[in-house]
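Here is a short briefing to read alongside the chain. Please keep the sequence and the 3D view open as you go.

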Amino acid sequence: MSIRYWLAVVSRDHVRRGVELGFAQANHGKRAAVERMSAGDGLVYYSPRTGMREGEPIKSFTALGTIAEGPAWQVEELGGCFRPWRRAVDYDRDARQVPIDDLRTELDLTSVPNWGIVLRRGLVELTAHDFELISRAMVGQ
């Protein structure tokens with residue numbers, strides 16, 4: 001099975017929590033989103049804002065990692081009212097936040113009209129080219 005590359009759209013506050021605890025969650029915790037990912041796949045987060053539905057607009061790539069071995073699992077939060085699905089991720093702790101505008105002219109993702117509509121899916125597959133470009137920008141390699 002070949003490596004795939006994913007871009008998840010999540011607020012920076014939630015991304016930081018996932019990085020701190022070593023997990024990925026996408027599409028408001030839906031199982032199908034994390035089940036599409038496999039061990040070894042690349043993951044980059046794009047954060048439109050600092051907070052969910054509020055906060056400062058940042059429009060930046062905010063975390064970078066590789067999906068770790070192991071299955072998706074479900075957790076209970078908010079007293080059982082919220083039961084999101086997650087995957088373990090090995091995050092690159094040296095990755096820095098990079099505004100999407102810094103890379104827009106070079107990305108396959110942003111080469112189509114109305115590319116922002118695609119981001120509303122919450123989880124989109126990236127080309128290897130885009131993942132490499134974003135990775136280099138975030139870790140300087």
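The accessible surface of the chain comes to about 7,900 Å², with areas taken by the Shrake-Rupley method with a 1.4 Å probe, only the protein chains shown counting as cover for residues. Carbon and sulfur atoms hold 48% of that surface. Please bear in mind that this is a predicted model, in which local features need pLDDT of at least 70 and side-chain atom pairs count only at pLDDT 80 or more, while totals for chains, interfaces and linings use all residues. Residues are numbered from 1 along each chain as its sequence is written, and side-chain values use heavy atoms, leaving out hydrogens and water.

**Overall build**

- The chain contains four helices and eight strands; these are DSSP runs numbered from the N terminus, helices being H or I of at least four residues and strands E of at least two.
- Along the sequence, the elements come in the order β-α-β-α-β-β-β-β-β-α-β-α.
- The radius of gyration is 14 Å, which agrees with the value near 14 Å for a compact globule of 141 residues; it is taken over C-alpha atoms, and the globule rule is 2.2 Å times the number of residues to the power 0.38.
- Along the principal axes, the C-alpha atoms fill a box of roughly 45 × 40 × 30 Å.
- Of the 141 residues, 46% count as buried (under 20% relative accessible area, with exposed meaning over 50% and partly exposed in between, using a 1.4 Å probe and protein chains only).
- Among contacts (heavy atoms within 4.5 Å) between residues at least 6 apart in sequence, 68% join residues at least 24 apart.
- The 19 positive and 19 negative charges have mean positions 6 Å apart; Lys and Arg count as positive, Asp and Glu as negative, and His and the chain ends are not counted. Each charge is placed at NZ of Lys, CZ of Arg, CG of Asp or CD of Glu.

**Helix α4**

- Helix α4 covers residues 128–139, and its 12 residues reach 16 Å from first C-alpha to last, close to the 16 Å expected; the expected span is 1.5 Å times one less than the number of residues.
- Its buried residues are D130, F131, L133, I134, S135, A137 and M138.
- An α-helix has 3.6 residues a turn, so residues three or four places apart point the same way.
- The cover over the buried residues of α4 includes β1 (5–9), β3 (42–49), β4 (57–67), β7 (98–99) and β8 (123–126).
- After α4 comes G140, with a positive phi near 70°.

- G65 lies in strand β4 and is buried, at a relative accessible area of 6%.
- Leaving aside residues up to four places away in sequence, G65 touches D41, G42, L43, V89, D90, Y91, D92 and F131.
- K59 is also found in strand β4, and its phi is near 45°, a positive value in a residue other than glycine.
- E69 sits in the loop between β4 and β5 (73–74) and counts as exposed at 71% relative accessibility.
- From E69 to D108 is 28 Å, C-alpha to C-alpha, across 39 residues of sequence.

**A positive phi in a loop**

- Most residues other than glycine have a negative phi.
- N27, in the loop between β2 (23–24) and α2 (31–35), has a positive phi near 50°.
- N27 is partly exposed, with a relative accessible area of 24%.
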